[in-house]
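Reader: Could you walk me through this fold before I set anything up? I would like the definitions spelled out as we go.

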Amino acid sequence: MKFTIRKAEKKDLPQILELIQELATFEKEPDAVEIDVKDLEKAGFGADAFYTCFVAEADNKIEGMALVYFRFSTWKGKTVHLEDLVVRQEMRGTGIGSALYKEVIAYALDQGVKRAEWVVLDWNTPAVEFYERSGANVLRDWDTVQMDKNAMRSYLER
């Protein structure tokens, strides 16, 4: 399979949104995606771009993507956070995921950060094993904590 890895362009956003939706379905949250193409464009392009996205393209179709942004660690300083890496289900096993992952790690090093980080679902055994084989440290003693908009409002109203 021949594919290229490159930075996403605005024209890729509808297909990127399809991949985000496919990931949400894979993660058993098919109704969780609230953003649209306009949100992706506003946050990812222009002088104040919040994220960088890499895509894997084969035969003029986006088959995978990896979206990253910067975070700040009080211990390490500026870090790269990999929000999502997803490959269309029918294209898994073709090397696209590995190529996107390698692009993210190279980007992190090029940016001079001391750490790249991401979250993986504990039941996604193939991903966990892939990351461990790559040399990543899967921290099993940390829990992700989130608060949605309704919970934030409720908390502040107490």
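**Sheet, helices and cores**

Author: Five strands form an open sheet with mixed pairing, in the order β1-β2-β3-β4-β5. Strands here are DSSP runs of E with at least two residues, helices are runs of H or I with at least four residues, and both are numbered from the N terminus; two strands pair if DSSP finds at least two bridges between them. β1 (4-7) and β5 (116-118) stand at the edges with a single partner strand each, so one side of each has no neighbour in the sheet.

Reader: Is this predicted or experimental, and what are the ground rules?

Author: This is a predicted model, in which local features need pLDDT of at least 70 and side-chain atom pairs count only at pLDDT 80 or more, while totals for chains, interfaces and linings use all residues. Residues are numbered from 1 along each chain as its sequence is written, and side-chain values use heavy atoms, with hydrogens and water left out.

Reader: How do β3 and β4 pair?

Author: Strand β3 (residues 61-73) and strand β4 (residues 77-87) are antiparallel, paired over ten bridges, and they form a hairpin with three residues between them. Phe-72 stands opposite Lys-78 in β4, and Tyr-69 stands opposite His-81 in β4.

Reader: And what about β4 and β5?

Author: β4 and β5 run parallel and are joined by three bridges, with Val-80 standing opposite Ala-116 in β5.

Reader: Switching topic, at what angle do α1 and α2 cross?

Author: The axes of α1 and helix α2 (residues 37-44) cross at roughly 110° and come within 9 Å, where axes are lines fitted to C-alpha atoms, for helices over the stretch in contact, and angles run from 0 to 180 degrees between N-to-C directions. That makes α1 roughly perpendicular to α2, a label that covers 65 to 115 degrees.

Reader: Which residues make that contact?

Author: Leu-13, Pro-14, Ile-16, Leu-17 and Ile-20 of α1 meet Val-37, Leu-40 and Glu-41 of α2, contact meaning heavy atoms within 4.5 Å.

Reader: What is in the largest nonpolar core?

Author: The largest nonpolar core has 16 residues, and those with the most contacts inside it are Ile-16, Leu-40, Tyr-51, Cys-53, Val-55, Met-65 and Leu-67. Such a core is a set of buried Ala, Val, Leu, Ile, Met, Phe, Trp, Tyr and Cys residues joined through side-chain atoms within 4.5 Å, with buried meaning under 20% relative accessible area (1.4 Å probe, protein chains only).

Reader: Which element gives the most to this core?

Author: α1 (13-26) gives the most, with six residues.

Definitions and conventions:
Buried means under 20% relative accessible area, exposed over 50%, partly exposed in between (1.4 Å probe, protein chains only). Angles under 35 degrees count as roughly parallel, over 145 as roughly antiparallel, 65 to 115 as roughly perpendicular and the rest as oblique.
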